[in-house]
Amino acid sequence: MSVNYGSKRVVTGAHYGLRDWLAQRITAALMALFTLVVLARVLFTSGPLGYEGWAAVFAPQWMKALTFAMFLALAYHAWVGVRDIWMDYVKPASLRLVLHVFTIVWLLACLGWAVQVLWRV
């Protein structure tokens, strides 16, 4: 008979807890920092903020790299959150696998689109 309490408790699960908790906080901090940088660039841009103004905000190479890093952080942040939802609430393993694959494909497609938009400016 296996003991499932005290020091001999059998622990099961994927063991993602601390790593994912930390990843969520780090990616959220990165996205908040990016928001502050964009806000500062917009506030210190003179003149009306039409298409040309927005294009000027994202034109420097460092801003494109920072924006791409933010999109990577956003994709990982979304992956961790959605994966946990699928793992917690979708019980059939086959359906969960389909949802995981769909989520990964969707997030990769969004990253590809972000790259296309960023480097076309």
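**View 1. Helix α1 passes helix α3 in a left-handed crossing.** In this predicted model, left-handed means that the near helix is turned anticlockwise from the far one by less than a right angle. Helices here are DSSP runs (H or I, at least four residues), numbered from the N terminus. α1 covers residues 17-43 and α3 covers residues 61-89; they pack at an angle of about 145°, with axes 9 Å apart. The axes are lines fitted to C-alpha atoms over the stretch in contact, and angles run from 0 to 180 degrees between N-to-C directions.

**View 2. R83 and D20 tie α3 to α1.** Their side chains meet in a salt bridge at 2.1 Å, N to O; the term means a side-chain nitrogen of Lys or Arg within 4 Å of a carboxyl oxygen of Asp or Glu. R83 sits in α3 and D20 in α1, 63 residues apart. Both are buried (under 20% relative accessible area, 1.4 Å probe, protein chains only; exposed is over 50%, partly exposed in between). D20 comes in at 4% and R83 at 6%.

**View 3. R19, D20, R83 and D84 link up in a salt-bridge network.** D20 also meets R19, at 3.9 Å, N to O, while R83 also meets D84, at 3.1 Å, N to O. D84 counts as partly exposed, because its relative accessibility is 26%. The whole structure holds three salt bridges.

**Notes on the views.** Residues are numbered from 1 along each chain as its sequence is written, and side-chain values use heavy atoms, leaving out hydrogens and water. Local features need pLDDT of at least 70 and side-chain atom pairs count only at pLDDT 80 or more, whereas totals for chains, interfaces and linings use all residues.

How values were computed: Helices (H or I, at least four residues) and strands (E, at least two) are DSSP runs, numbered from the N terminus.
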